[in-house]
Amino acid sequence: MAKFELNDGDVVVVIGTGAGGGVLSNELAQKGVKVVALEAGGRYLPEDYVNDEWDSFGQLAWTDARTTSGDWRVSKDFSGLPAWIVKAVGGSTTHWAGASLRFQDHELRAKTEYGDVEGANLLDWPITLADLEPYYTKAEDKLGVTRTGGRPGLPGNNNYKVFEKGAKALGYKEVHTGRMAVNSTDYDDRAICQQTGFCFQGCKWGAKWSSAYTDIPRGEATGNMEVREKSHVARILHDDTGKVTGVEYFDPDGNLQMQKARVVCVAGNSFESPRMLLNSASSMFPDGLANSSGMVGKNYMRHMTGSVYALFDQPVKMWRGTTMAGIIQDESRHDPSRGFVGGYEMETLSLGLPFMAAFLNPGAWGRGFTTALDGYENMAGMWIVGEDMPQESNRVTLNMDVKDQHGLPVANVHFSDHPNDIAMREHAYQQGQAVYEAVGATRVMPTPPYPSTHNLGTNRMSAKAQDGVVNKWGQTHDIENLFVSDGSQFTTGASENPTLTIVALAIRQADRIADEIAKGNL
Amino acid sequence: MTKQTNRKTMTRRELLSRTAAVGTLVVFGGGIVAAPDGAWATEVTTISEHEMATLIQMARDIYPHDKVGDEYYVTAVKGYDSEGSITMVSEGVAALDAMAKAAGANSYIETKWEDNRVDLLKQIEDGGFFQAIRGGLVTGLYNQKDVWPIFGYEGESFSKGGYLHRGFDDINWL
Ligand SMILES: Cc1cc2nc3c(=O)[nH]c(=O)nc-3n(C[C@H](O)[C@H](O)[C@H](O)COP(=O)(O)OP(=O)(O)OC[C@H]3O[C@@H](n4cnc5c(N)ncnc54)[C@H](O)[C@@H]3O)c2cc1C
Ligand code: SF4
């Protein structure tokens, strides 16, 4: 692994090593660009992961302080935990389930297609599906996504079989075991899925793609990339021409260090990325870096989510096998006759007993709740994930009253559903329940959204500088050598799980940055 | 204040002879709360036997699972027998007992029907005491590995090679 000097102003600094940062770092390193990747978390590999929900949460989850407001239920039930994401080398790709779907053409033109939706701050992406397609293909090959590039689908587990039978009974057509970044055959030096379950806890077989054991070690092997773990970036620095010059970070011993950089790429996920930009405010940029539009932190999206669990009179044992290999795509279309714009996916999901107890109906108690858990062995489950509306008032701000372990103001996450989100969730609950009722469910349970796993939009991409934070390359409108490289770039959320798109954008951005460096522009 | 009794030296008969039976639990002097059949017993050193018995009953009333034995509920609330919990527990239990008295019983644990105890709990469910006990149970009860098999949950599977050859798709009733 390379080692670069703190005052080596030639390096590209990438902040965060998850889906965005991990991939970007490797792609740059492969092209010969020198990269220092700073990661707040420690390094954990398949041998370290544990098949235990709470122990794994303790090992991997981001539990630094955050605060919440708004009328979302998460703010009441899990007030200090707005998101369930990871602080570790590899970021949330250690936790993720692997569902890897391309956005649809109309979803990248939400404003044009959906028209004016009151209270929503919709905007078209400055890129089209045609721009993204070659990068989607590269991303699918990198992640080894099933049902793409000739890779076979995964076999269906018990939870899927129940789901599929109900879906077909309702007449749904696009029903299969998903496009998953989980190996259905040996691929790219990763093993075939052993159906252990515990995909959310880090895949001990390495069958699921995670940047932790693919892109990151491969980038390091080039000799062009240094990962500094347990290195928490406090702020991004700039000179008096307004270009960024490096970052200040707390090293593993808690000492403040300064790393110089020619380019800085922010990929800390959608709370930390805007938080860093806001915490970098200076006399030149009093509202934070790259914030001339005022959009840094705004338009936070988390997908319209929810779950439907159902009980049957016989065992399902849904926890066995891949956590999310099952999808119904028929509702993922724009059809306002359903009473809302945009669409949603239904995907199989299981939680172990400990997490089911915590998330099935947070705060509930008594027999209404416990009889549901009594049926745990006979339970099937799905997650619903749809496009939510960007709203300016849903936003990440600095909470000046609460400081983290480094003394930095923490992120406050404010969120309230848009009426469109609520209408879509109602529809999805109904359809999800119908799926299970069609297979003889004796009880169905519409389950509220969990702490967010998909966090998007807080540094959004826009054609015009006044509408967003970054341009079509993820480069900030205001500062040419400052980029955003994670899901916070998303202009709108679409109905698909976001990571394939984050990875595609990171590969595309690496091409751009390497090109611009070669041309002497960066 | 330490109350020490060595329960291992106590025979079942002795246990029963010293019984003050309340509800489905038994409270002794000498720091012991036990099952009427002697199947389990727990010792308290800081809070009173009555308070511990109340917490155990509360735990069962909050998350009642008829197939889960008392011993798991005991494990889930045992941590409240500590200096840091004395005030919360004694005030909380006293308030609950006062409500039970107002409703015509001697105490919370002597309120015979679960439904009636649940009515009492509903009156305090937004308060700090109830929320602390309920919140603690979510992991205190359901994260006990010994409880999992009672629900059919199989836990860790990596060491057994996952379910690829052990029934990930063995559903047979569809
Ligand atoms: C349980 C779960 C299941 C999921 N399943 C799916 C799925 O099936 N399909 C899908 O598409 N998506 C899924 N996701 C979402 C997916 O994990 C995220 O979309 C993706 O990882 C986001 O990438 P990112 O680069 O934006 O952030 P992350 O992957 O979260 O990486 C951000 C990294 O930045 C680091 N960081 C933050 N702040 C700092 C700082 N100040 N200094 C240094 N480092 C910092 C963090 O520690 C972290 O490692 C799931 C997520 C979870 C939690
Ligand atoms: S089910 Fe497959 S992908 Fe999921 S953790 Fe197990 S081996 Fe990995």
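Hi everyone. Let me start with one term: a residue is called buried when its relative accessible area is under 20%, exposed when that value is over 50%, and partly exposed in between. By that rule A:Phe198, at 10% relative accessibility, counts as buried. Please keep in mind throughout that this is a predicted model.

Let's stay with A:Phe198 for a moment. Where does A:Phe198 sit in chain A? A:Phe198 is in the loop between strand 4 (175-176) and helix 7 (215-221). Its phi is near 65 degrees, a positive value in a residue other than glycine. A:Asn299 also has a positive phi, near 60 degrees, and is likewise not a glycine. You'll find A:Asn299 in the loop of chain A that runs between helix 8 (269-279) and strand 10 (304-311). With 0% relative accessibility, A:Asn299 counts as buried.

Now for chain B. Of its 174 residues, 48% are buried. Chain B has six helices and four strands, and along the sequence they come in the pattern α-β-β-β-β-α-α-α-α-α. If you take the contacts in chain B between residues at least 6 apart in sequence, 56% of them join residues at least 24 apart. Chain B exposes about 8,400 Å², and carbon and sulfur atoms supply 50% of that.

One residue in chain B that I'd like you to look at is B:Arg117, in helix 5. Is B:Arg117 buried or exposed? B:Arg117 is buried, because its relative accessible area is 9%. So what do the polar atoms of this side chain meet? One of them lies 2.8 Å from the backbone oxygen of B:Thr111. The backbone oxygen of B:Lys112 is also 3.1 Å from a polar atom of the B:Arg117 side chain. Leaving aside neighbours within four places in sequence, B:Arg117 is in contact with B:Gln57, B:Asp61, B:Tyr108, B:Thr111 and B:Lys112.

On to the interface. The size of an interface is often given as the accessible area lost when the parts come together. Here, the area buried between chain B and chain A is about 3,700 Å², and carbon and sulfur atoms give 62% of it. Which residues of chain B lose the most area to chain A? They are B:Tyr153, B:Phe168 and B:Trp173, which together account for 20% of what that side buries. In terms of contacts, 40 residues of chain B meet 44 residues of chain A.

Helix 2 (49-62), helix 5 (114-124) and helix 6 (128-140) of chain B each supply at least two residues of the side that touches chain A. By class, that side has 18 nonpolar, nine polar and 13 charged residues. The two chains also share five salt bridges, one of which joins the side chains of B:Glu154 and A:Arg320 at 2.8 Å, N to O.

Not counting residues up to four places away in sequence, A:Asn158 touches A:Val316, A:Lys317 and A:Arg320, together with B:Gly167, B:Phe168, B:Asp169, B:Asp170 and B:Ile171. A:Asn158 counts as buried, at 0% relative accessibility. A polar atom of its side chain lies 3.1 Å from the backbone oxygen of A:Val316.

Over all chains the count comes to 40. A:Asp77 pairs with A:Arg73, with the closest N and O atoms 2.8 Å apart. Both lie in helix 3 (residues 73-77) of chain A, four residues apart, about one turn of the helix. A:Asp77 is partly exposed, with a relative accessible area of 23%, and A:Arg73 counts as partly exposed at 33%.

Compare that with A:Lys142 and A:Asp215, whose side chains meet at 2.5 Å, N to O. A:Lys142 lies in helix 5 (residues 129-143) and A:Asp215 in helix 7 of chain A, so this pair ties together parts that are 73 residues apart in sequence. A:Lys142 is buried, with a relative accessible area of 15%, and A:Asp215 counts as buried at 2%.

Conventions:
Residues are numbered from 1 along each chain as its sequence is written. Chains are lettered from A and ligands numbered from 1 in the order in which they are written. This is a predicted model: local features need pLDDT of at least 70, side-chain atom pairs count only at pLDDT 80 or more; totals for chains, interfaces and linings use all residues. Side-chain values use heavy atoms; hydrogens and water are left out. Contact means heavy atoms within 4.5 Å. Buried area is the accessible area (1.4 Å probe) that two parts lose on being put together, summed over both. A salt bridge is a side-chain nitrogen of Lys or Arg within 4 Å of a carboxyl oxygen of Asp or Glu. Ala, Val, Leu, Ile, Met, Phe, Trp, Tyr, Cys and Pro count as nonpolar, Asp, Glu, Lys and Arg as charged, and the others, Gly among them, as polar. Buried means under 20% relative accessible area, exposed over 50%, partly exposed in between (1.4 Å probe, protein chains only). A polar contact is a pair of N or O atoms within 3.5 Å; within protein, one must be able to donate a hydrogen and the other to accept it, and residues adjacent in sequence count only if both atoms are side-chain atoms. Accessible areas come from the Shrake-Rupley method with a 1.4 Å probe; for residues, only the protein chains shown count as cover.
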